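Subject: Handover of the two-chain structure

Dear colleague,

I am passing on the structure below, together with notes on what was found in it. Please read the notes with the structure open beside them.

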Amino acid sequence: MKTKRLSVTKNLVLTGVGGQGNVMASRALAGMLVDAGYVVTIGETFGMSQRGGSVMSHLRISPDAVRSPQIPRGGADVIVALEPLEALRVLTVYGNPEVSLLSNSRSIDPIGVITGERDYPSEETIRIAFARLTARYWLFDATAVGLDLGNPVLSNVVMLGALAGTGLLPIDRRMFAKEIRKTGSPGKCALNMKAFDAGFSMIK
Amino acid sequence: MTRLLAPAGSKVLFLGNEAIARGALEAGVSVATAYPGTPSSEVIESLAPAASKRNLYVEWSVNEKVALEVAAAASFAGLRSMAVMKQNGVNVASDFLLHLTASGTRGGLVLVSCEDPGALSSVNEGESRYFAGMLEMPLLEPADFQEAKDMTKWAFELSEAIGNVVMLRSVTRMSHASGNVVCGTLPAKARKAAFEYGGPIMDSQTGPMISTPVVAKHLLRRQKLKAVCALFEKSPFNRYTGPARPDLLLITASACWLYAAEAVHMLGLQKKVGILKLGTTWPLPPRLVSQYLRKARRILIVEEVMAFLEENVKVLAAGNPKLSEDKTFFGKYDGTLPFAGELNPDIVADALVKIFNIRRCGLSSSYQEEARKTAAMLPPREQTFCAGCPHRASFWSIHNAIALDGRGGFVCGDIGCYSMAALTPANGFGTMPTLHSMGSGTGLASGFARLAPFGFKKPVLTVCGDSTFYHAVIPALINARHNRADITFIVLDNQGTAMTGFQPHPGNEMNALRESVPAVDIAAVCRAIGAKVAVCDPFDLSATGSVLTDFLAEKDSLKVLILRQACALSPEKKGKKTFEMKVDESLCLGDACGCNRLCTRIFRCPALVWDRKKKKAAVDEVVCAGCGVCASICPRKAILKSQAASAAASGG
């Protein structure tokens, strides 16, 4: 699916847990959009915030200007989540009735859940919250796809493929292939393309 | 080819720190030094691979003070150089900086300080802008990515024009944000180094590089500021956008400009609010700022963290009754904006809403209520040691040794990932009650250990990382030895500067340029100081525990335990499991065991989870790093480890 050129700034939040490849995914996505002629601003933090904590990248995709590296509250157009609890966390701050959400369904328990002090929301609770807080959402197990391909961290690329499948942003397979060739070895490129295609096909 | 060397005219997506690095290359920088620290590390990381192509010397220095000294030597020899650090690094470098700004410099010397408002990756939100005022050096603050590059390039020219250090201040939301940058040309020829010192004492270009005669050199520095102001008055980095006579003049700098522009746009206040974006924030160009102050009766100053800009604008206004009469200043002192934490577009918008007494259109109350209810049920995601982190195993042994010793021993903490043992006390099993600056754990321990005459009898331990050891611990360790402070000092040696991205340090055999260099051995340094030294693998809980127990019992000596095991995220380990872990459900008794879920409730590994349906422990294979430590902590031996296929194939 090819989306037509954006005329206004689109705001995307990419979120997950440290170590899930959030930064790589945001760079790859931004790289594709810069090549397509957009002015992209990415806001993110890394360093100690990665250590088992929530991570978040804000992408502002503008036809013409640099934007604040932090999206205002309630200002996301698209949220891509590598973990469902983080999808909810971002949704409650940056969500609005028009927002589109793609979320990996594989949970990573926070320490408070592991120790038994807190409960992880059930899948049903998650679905209800997604339905109430988004205009549309997709929830699927991207980690399982990554594991099938040999590495769970590929879930980030699966999500990018799915994002391309939704047509919410002007990105496609050819752009991703070009982007991934800039950084990866040929073997890794082939694996990344498989993950991208698998994600693309998740969107019906 | 590294992206940093993209040809002139190309449009590249650069991290703010990469834009700074590119600007330095376009200025023809010859020497770039730094000590790693978030959010500054990527400047040197991106320069290092470009070094051979650009005839550049890049160094990870032992600490920020030495980094600035190494850069200054290059400047004295006529080369352009830069030293890069995070905000508190400027404090470390400040003693030398005080004297350097007095002696002056020759080749352009830029001090880059990347600061962390809100302490997103710090244990402070220190400000270095005040150093600019205190030491009378020009301060530049880029507000977007293109400017980060262009301003860095200009900073070298400015430094050379006035013969003094120029400070360029970035913040996390600039350094770690990314945006489009159009590249300029890279200069063709590098300079030759030459150091002259035979000229007159007051001639900073040919004479000796010293800060004396102090008063005369200070007056010279004051004079240079006049030249700086003249350049700042005409600087393209200062821009005004908005109506000719705004209802409110908003003065801002740095990433705050992007927040302010967004807030004004969100509220539709473009016809009422004029924004004066300053790139040259100290000394303020008086004519330019006065010109805009005359345009409005109400002025809002937007900045993070302290009110540095606000104070300087007010001082300027106070000097001229026409600029201060009938003016209302909004900012931090009147409470419009907070004195702490980072800003964002919402905080600036809320300030404008208050000043204009307007409403901000937003989400329906029902949506907001639904979002609020959902947020309330979400478990927080606390920072914790990663799966496979050696620090968890180290603190497990430290805790158990202290408990066995029974005299209430405690650990003085230090700066690194292991700071999490203090930030979330459960991560350190409640052993680490102090945390300050790099190296201060050992200094504090040295002090606590001398409190015995006042009735203080607890055993004192302290920890530091391998990179921290070289950075600031050695003097404190010598202090402990020389003054007979009986402490147990533990080096959590994870084989690199792990927290900031595995930059090499003096204990490694490779430097920033990937040259082979001699490693300085921590154990040898400690032995030379006169300490009793042991080395253990922290994953070997029994050996580590036994050394620690012995050390705590041994009186009147300085004891050093080096716990050596590479970080789980290190390039050599990441994604490779040594062991496959699983819980034998027939052995795990769950809640009936009596261990009270020691594995999941206390050990707190993100990969060792509690299966709510089966009511037993379980291993999350996606998160598990295969370190094998949890097999040693289960009293029922229900956690099993087997050699991982990948480890066996590569010989483990």
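Before turning to packing, one convention is needed: two residues are taken to be in contact if their C-beta atoms, placed from the backbone, lie within 7 Å. Please also keep in mind throughout that this is a predicted model.

With that convention, I begin with helix α20 of chain B, residues 541-553, whose 13 residues reach 18 Å from the first C-alpha to the last, close to the 18 Å expected at 1.5 Å a residue. Its buried residues are T544(B), V547(B), L548(B), F551(B) and L552(B), and, seen down the axis of α20(B), they fall within an arc of 130 degrees, so they line one face of the helix. Those buried residues pack against α15 (390-405), β17 (487-493), β18 (532-536) and β19 (559-564) of chain B, whereas the face of α20(B) turned away from the buried side carries the exposed residues S542(B) and A553(B).

Next, the contact between the chains, which takes 53 residues from chain A and 53 residues from chain B. On the side of chain A that touches chain B, the elements giving two or more residues are α1 (22-35), β2 (39-44), α2 (84-94), α3 (111-114) and α4 (123-133) of chain A, and β2(A) gives the most, with 6 residues. By class, that side of chain A has 24 nonpolar, 20 polar and 9 charged residues.

One residue of chain A deserves a separate look, namely V66(A), which is found in the loop between β3 (54-62) and β4 (78-81) of chain A. Is V66(A) buried or exposed? V66(A) is buried, because 21 other C-beta atoms lie within 10 Å. Leaving aside residues up to four places away in sequence, V66(A) touches V39(A) and T41(A) as well as D144(B), F145(B), G179(B) and L258(B). The C-alpha atoms of V66(A) and T9(A), which are 57 residues apart along the chain, are separated by 9.9 Å.

A cis peptide bond joins T38(B) and P39(B), with omega about 10 degrees, and P39(B) has its place in the loop between β2 (31-34) and α2 (42-47) of chain B. The peptide bond from W282(B) to P283(B) is also cis, with omega near -10 degrees, and P283(B) sits in the loop between β12 (280-282) and α10 (286-293) of chain B.

As for phi, N357(B) has a positive value of about 50 degrees although it is not a glycine; N357(B) is placed in the loop between α13 (345-356) and α14 (365-376) of chain B and counts as exposed, with 6 C-beta neighbours inside 10 Å. N596(B), likewise a residue other than glycine, has a positive phi near 55 degrees, lies in the loop between β20 (579-583) and α21 (598-602) of chain B, and is exposed, with 8 other C-beta atoms within 10 Å.

With best regards

Definitions and conventions. Residues are numbered from 1 along each chain as its sequence is written. Chains are lettered from A and ligands numbered from 1 in the order in which they are written. This is a predicted model: local features need pLDDT of at least 70, side-chain atom pairs count only at pLDDT 80 or more; totals for chains, interfaces and linings use all residues. Helices (H or I, at least four residues) and strands (E, at least two) are DSSP runs, numbered from the N terminus. Ala, Val, Leu, Ile, Met, Phe, Trp, Tyr, Cys and Pro count as nonpolar, Asp, Glu, Lys and Arg as charged, and the others, Gly among them, as polar. A residue is buried if 20 or more other C-beta atoms lie within 10 Å of its own, exposed if 12 or fewer, and partly exposed in between; C-beta atoms are placed from the backbone. The expected span of a helix is 1.5 Å times one less than its number of residues. The arc is that of the directions from the helix axis to the C-beta atoms.
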